[in-house]
Amino acid sequence: MKLHRLNDNGLTRFGQFLDALVTEPIFSVPTELLTHPSCAEVIAPGIEIEQRQFADRMEAAKYLDEILSDVKDRDIPRDAGLWAWLTLFFFDQVCPVDADGSRKVGAQRATWIPQTDVTRRFYRHALLGPYLAYRAHRDAPERGRVLLADPMRVTTSEAFRLFIETAFVNMPAPVELATQFYFNPETQKLRRGAGTKGPGGLRRFLGVLQQLDLTFDLHSLTVERLKALLPNEFGKWTT
Amino acid sequence: MREDVEVSVFHDSDGTLQFDAALNLVDYDLPPAAMVYLEAYRQSTFMRFDFGTVQAPNSPAGTSRNLSEFTSKDGLLFRAKVISPSGQEGLLLAEADQVPIKSADDQDESRIPLLPTAPEDLGQEVWCVAIGASGPILQISKHLQDWKEVAGSQAFRSLVFPSAMRQILTYVIFIDEEPDADDPQSWRGRWLRFASSLGLGDPPDSTSDEMEKMEWIDAAVKRFSQHFQMVNRYKNHLASEVSS
């Protein structure tokens, strides 16, 4: 299918669908909006997108980055119509049908239609957030595995939220160290104890980064140098 | 240092966004070999440019100045960093954050005073923060001989501004809780964004508990005071009083 974006009418119709899902969770997905001339417009002639099953948010973000890197002269991260269209296109993956046949859209509209001008909400979008995090580490995507290891339907990962709310999401060493410390490659999940608020936990890691950020250029530090600057409480992750 | 960093942003003939920057680091006691970087950012989108050293600034040329990650300058900000040349890897020697871009007529595009000042009859109070619909105003007693001079003095700023900031953030986060705090154009949003830009990350939200909110406000005031060297400003004031 040609890559489209929803226009104002399309966004309204998509919003109505999301509203309807709240009260009628078995409402069928209005895929006709994807190409209907009154609701959608081709974003760039010649660019095609296909339905794929993604193992996790990293895989989806990689695919979107490949597709969107061919789109010129558009402010991709701030194009709410584009991201809403992509949500609708991949709706069965980002908001899958439960065993009882219903979908749970929740109360956060920004998960499906991004609020691109709102600092604390733009990254909450199911696809835009992962895309931005992936793009920050596209030179070595595995570095950011801890941020994007969740399946497509999970949009509330704490590791992802903690990082993308700060400038640290763009910094190689902090992100790589977080993956080393807190991500278990065997289970593809956070290690046990990573999510605690206590010493050595992920939240504490971000707190220490904020302290170090006052005196160091964390962007240029190597992983080893950053590790050496951390207090002893993080030693348990290095063994 | 912020006032010594000037950045302009424009579209080149191909429509690509580019920047020009001038950094005046002469007056700072920085090692000549210290490395200089310029960073462009908006929300989580980020680009970093090597700007040479303090001794030999080397502004990127040609396409190296392309802001390829951005297609518009809306909300675009810059940050300059000076980093230790050797021995202490990554040590930050100086930083200017939230540098706004200059437009062709050399006016800061996004400069809106966060805390305007105004004279007021406050009885025997010297100052207070008044919060109205359009945002906070720092009211200064009109009975002072020259309230503008007082407001601009190092002593006044160092003693009053951190306290005023604490009051305003406490109001926004604990008392007001208006829905437009997320709106970057609202005064609440601009204050929260300003505090966040001090390196704190995003403000607490509805899921944060009271302690987290208080800690965030404390950290914001601490960073603000550190950034503007409030103690040193006050010491300078005391020293000038003694010498005069």
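How many C-beta neighbours does Gln98(B) have inside 10 Å? Gln98(B) has 15, so it counts as partly exposed. Burial is judged by other C-beta atoms within 10 Å of a residue's own, with these atoms placed from the backbone: 20 or more is buried, 12 or fewer is exposed, and anything in between is partly exposed.

The model is predicted: local features need pLDDT of at least 70 and side-chain atom pairs count only at pLDDT 80 or more, while totals for chains, interfaces and linings use all residues. Residues are numbered from 1 along each chain as its sequence is written, with chains lettered from A and ligands numbered from 1 in the order in which they are written.

**View 1. Chain B has five helices and nine strands.** Both kinds of element are DSSP runs numbered from the N terminus: helices are H or I with at least four residues, strands are E with at least two. From the N terminus on, the order is β-β-β-β-β-β-β-β-β-α-α-α-α-α. Chain B holds 244 residues, of which 26% count as buried. Take the contacts in chain B with a separation of 6 or more: residues 24 or more positions apart account for 46% of them. A contact here means that two C-beta atoms, placed from the backbone, lie within 7 Å.

**View 2. Six strands of chain B form an open sheet.** Their order is S2-S1-S6-S5-S3-S4, and the pairing is mixed. Two strands pair if DSSP finds at least two bridges between them. S2 (17–23) and S4 of chain B stand at the edges with a single partner strand each, so one side of each is left without a neighbour in the sheet. On average, neighbouring strands are turned by 25° against each other, direction ignored.

**View 3. S5(B) is largely enclosed by the rest of the structure, because six of its seven residues are buried.** S3 (residues 35–42) of chain B runs antiparallel to S5(B), with seven bridges between them. Tyr41(B) has Leu77(B) in S5(B) as its bridge partner. S5(B) also pairs with S6(B), again antiparallel, over six bridges. Lys81(B) faces Glu95(B) of S6(B) in this pairing.

**View 4. Two residues other than glycine have a positive phi.** Most residues other than glycine have a negative phi. Gln98(B), with phi near 55°, sits in strand S6 (residues 92–102) of chain B. Gln188(A) has a phi of about 60°. Gln188(A) lies in the loop between S3 and S4 of chain A. With 13 other C-beta atoms within 10 Å, Gln188(A) is partly exposed.

**View 5. H2 (residues 154–176) of chain B packs against H3(B).** The angle is about 120° and the axes are 10 Å apart. For helices, the axis lines are fitted over the stretch in contact, and angles run from 0 to 180 degrees between N-to-C directions. The pair is therefore oblique. Under 35 degrees would be roughly parallel, over 145 roughly antiparallel, 65 to 115 roughly perpendicular; the rest is oblique. H2(B) passes H3(B) in a left-handed crossing, where the near helix is turned anticlockwise from the far one by less than a right angle. Ile168(B), Leu169(B), Val172(B) and Asp176(B) of H2(B) meet Arg188(B), Trp191(B), Leu192(B) and Ala195(B) of H3(B). These residues divide into six nonpolar, no polar and two charged. Nonpolar covers Ala, Val, Leu, Ile, Met, Phe, Trp, Tyr, Cys and Pro; charged covers Asp, Glu, Lys and Arg; the others, Gly among them, are polar.

**View 6. Chain B meets chain A through 24 residues, which touch 28 residues of chain A.** On the chain B side, S4 (45–53), S5 (77–83) and H3 (187–200) give two or more residues each. That side divides into six nonpolar, ten polar and eight charged residues. Ala136(A) belongs to helix H5 (residues 128–136) of chain A. Leaving aside neighbours within four places in sequence, Ala136(A) contacts Val169(A), Asn170(A), Ser44(B) and Phe46(B). Ala136(A) is buried, with 23 C-beta neighbours inside 10 Å.

**View 7. Helix H8 (residues 172–182) of chain A is largely enclosed by the rest of the structure, because ten of its eleven residues are buried.** Among the buried residues are Pro172(A), Glu176(A), Phe181(A) and Tyr182(A). Their cover includes H6 (145–148), H7 (158–164), H9 (202–212) and H10 (223–229) of chain A. Strands S3 (183–184) and S4 (189–190) of chain A also take part in that cover. Pro172(A) and Ala136(A) are 36 residues apart in sequence and 8.6 Å apart in space, C-alpha to C-alpha.
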